[in-house]
Amino acid sequence: LYWDGSEPSNLMSKQLQLAILSYGGDEHRDYLQSHINGITLALETLPSDLFHVEHHSVLPRQNVVDSVLNSLEKSGVLAVVGPFDSETAALVVPTATKLGLPVLSTGATSPLLNGGDLSKTTFFRLGGSDREIIKDLAEWLSAEHARATVMVVAEKKTPSACYGDEQFIALQSTGLSMGLVMLPVRYERGRIGEVFDRCLRDIRQQHRGISAVVALGYSNDTIQLCQLFSKHDIDIPVYTTNPKKTLFERSGLDNVRAVVSHFEYANMPKWESFRKQYLARFSDQPHVTYHGSATCAFDLIHILYERTIEGGVCGAPRIREARQKLIAELLTSHRIVEDALTSGGIFTSNHELAFQTRHVTLRGGEFVEFDGNVAPRWRRRVRRAIKRIRHMHNRAVERFGFVKHGYDMWKLIIAVVLAVLLFVAYFTGHGTWEKIIDRVRNLFKEFSGN
């Protein structure tokens with residue numbers, strides 16, 4: 001929000017420019033578009049043209065971020081919106097705090113931003129922290145898999161990726177205190193296939209006792225992991241956090257469970273009304289998507305609008321005082337923002353909006369509330385046995401070429417079983433070798449005749 005330096009006679013005569021600070025990487029493209037759409041929709045519903053939008057895309061490099069923030073501060077910026085991702089936010093927070101710039105983000109959920117304590121910063125987040133989600137996940141795992149080992153597949157920390165690593169650290173700390181037994185498997189973002197053989201080997205070793213897998217990282221990697229499990233007929237529940245809803249529901253996967261932010265998957269009337277309004281407004285976009293970032297972005301504009309008016313921010317004589325007024329208003333105001341969809345727009349002392357979490361699972365290509373009801377164990381074992389037989393059949397065809405040589409795999413299996421039964425009959429005294437040989441010859445004649 002840019003401060004234009006004018007001295008208006010009343011609040012509505014001053015227009016403030018909204019600066020969206022983002023990293024435009026491919027993995028954030030759909031989220032960013034949904035985020036901008038939510039802001040656009042909110043601006044169209046405000047009672048006045050108080051805000052004007054400007055978008056700044058930055059690379060997640062400290063020198064680039066510092067240069068942009070210093071430039072915005074000198075230009076008279078009142079506040080900055082963004083960035084959406086945790087990696088860039090980790091670079092923004094120290095510099096913005098030093099400059100006294102209020103920064104509001106809808107997607108930076110890292111539990112380790114500023115060591116987990118945001119109360120000493122000028123950074124606010126509307127989406128909440130992964131801290132609560134990870135704690136909820138640990139409690140869920142300890143309740144469902146208390147006597148077994150949980151495999152945790154998490155991305156490694158690299159200069160350009162730290163999301164999954166920070167979640168892993170948080171889960172390790174919380175899970176150990178709850179008595180969870182965890183087997184970690186680490187991978188680099190986008191290269192999860194390189195560690196899959198190890199995952200497969202550890203799961204198939206019965207003495208490991210692995211009953212669940214936790215995938216901590218970006219949704220694309222989690223989906224690839226689940227698809228590899230399905231390809232190798234591994235029937236094991238996979239847990240994750242805040243998955244990309246549309247990507248998972250289009251993947252055709254099953255047996256995926258997730259802890260999610262309440263507002264992203266809620267079916268309450270006001271959320272459904274906003275979703276329909278959103279989809280209708282942006283129906284001209286070729287691949288329009290909707291998820292929680294649009295809801296948070298919508299709320300962000302309405303929260304800023306209400307707090308700017310309530311706190312008399314535009315009446316401050318100097319830009320620094322205006323920034324301080326806005327920060328104080330965001331922290332101390334307990335007046336509910338009626339048009340906001342999440343938490344009423346009230347921040348906690350740690351500069352976060354309070355939010356609820358939910359347990360969901362994929363069923364029939366759609367995320368639904370997890371009710372604890374799963375298929376009986378015998379049914380799951382039968383289903384798993386059928387999958388394994390089909391898998392063995394496909395592998396045998398690929399390796400030995402039964403179809404190519406004119407053999408039918410099922411007839412071969414039946415012949416082997418009958419041969420075993422005949423040998424058992426001989427050794428138990430129910431036949432002689434001559435009779436056994438005659439029976440085998442007759443069987444081969446029948447198969448060759450068919």
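Author: Contact, as the word is used here, means heavy atoms within 4.5 Å, and the model to which we apply it is a predicted one.

Reader: With that in hand, which residues is leucine 104 in contact with, leaving aside its neighbours within four places in sequence?

Author: Leucine 104 touches Ala79, Val80, Val81, Gly82, Phe124, Leu126, Leu300, Leu304, Leu330 and Phe347 once those neighbours within four places in sequence are set aside.

Reader: How should I read such a set of contacts, and how many residues has the largest nonpolar core?

Author: In soluble globular proteins, nonpolar side chains tend to be buried together. Here the largest nonpolar core has 37 residues, and Leu104, Leu126 and Phe347 are those with the most contacts inside it. Helices α1 (29-45), α10 (269-281), α11 (292-310) and α12 (319-332) each supply at least two residues of this core, and the largest share, 9 residues, comes from α11. There is also a second, separate core of 30 residues, with Leu225, Ile234, Val238 and Ala258 among its members.

Reader: How many aromatic pairs does the structure hold, and what is the geometry between tryptophan 140 and tyrosine 239?

Author: The structure holds 9 aromatic pairs. Tryptophan 140 and tyrosine 239 form one that is edge-to-face, with 5.0 Å centre to centre and 85 degrees between the planes. This pair links distant parts of the chain, since tryptophan 140 is in helix α4 (residues 130-144) and tyrosine 239 is in strand β9 (residues 238-241), 99 residues apart. Tryptophan 140 is buried because its relative accessible area is 5%, and tyrosine 239 counts as buried at 0%. Elsewhere, Phe274, Tyr278, Phe282 and Phe298 form one aromatic cluster.

Reader: Over which ring does the charged end of arginine 186 sit?

Author: The charged end of arginine 186 sits over the ring of phenylalanine 168, 4.3 Å from its centre, while that of arginine 189 sits over the ring of tyrosine 218, 3.8 Å from its centre.

Reader: Finally, where does pLDDT stay under 50?

Author: The protein chain averages a pLDDT of 79, and 77% of the residues score at least 70. Over residues 1-13, however, pLDDT stays under 50, and the model has 43 contacts beyond four places in sequence for them. Residues 402-407 are also below 50, with 7 contacts in the model beyond near neighbours in sequence.

Key
Residues numbered from 1 in each chain as written. Predicted model: local features only at pLDDT ≥ 70, side-chain atom pairs only at ≥ 80, totals over all residues. Heavy atoms only, no water. pLDDT = per-residue confidence, 0-100. Core = buried A, V, L, I, M, F, W, Y, C linked by side-chain atoms within 4.5 Å. Buried < 20%, exposed > 50% of the residue type's maximum accessible area, 1.4 Å probe, protein only. Helix = DSSP H or I, 4+ residues; strand = E, 2+ residues; numbered from the N terminus. Phe/Tyr/Trp six-rings, centres within 6.5 Å; stacked < 30°, edge-to-face > 60°. Lys NZ or Arg CZ within 6 Å of the ring centre and 35° of its normal.
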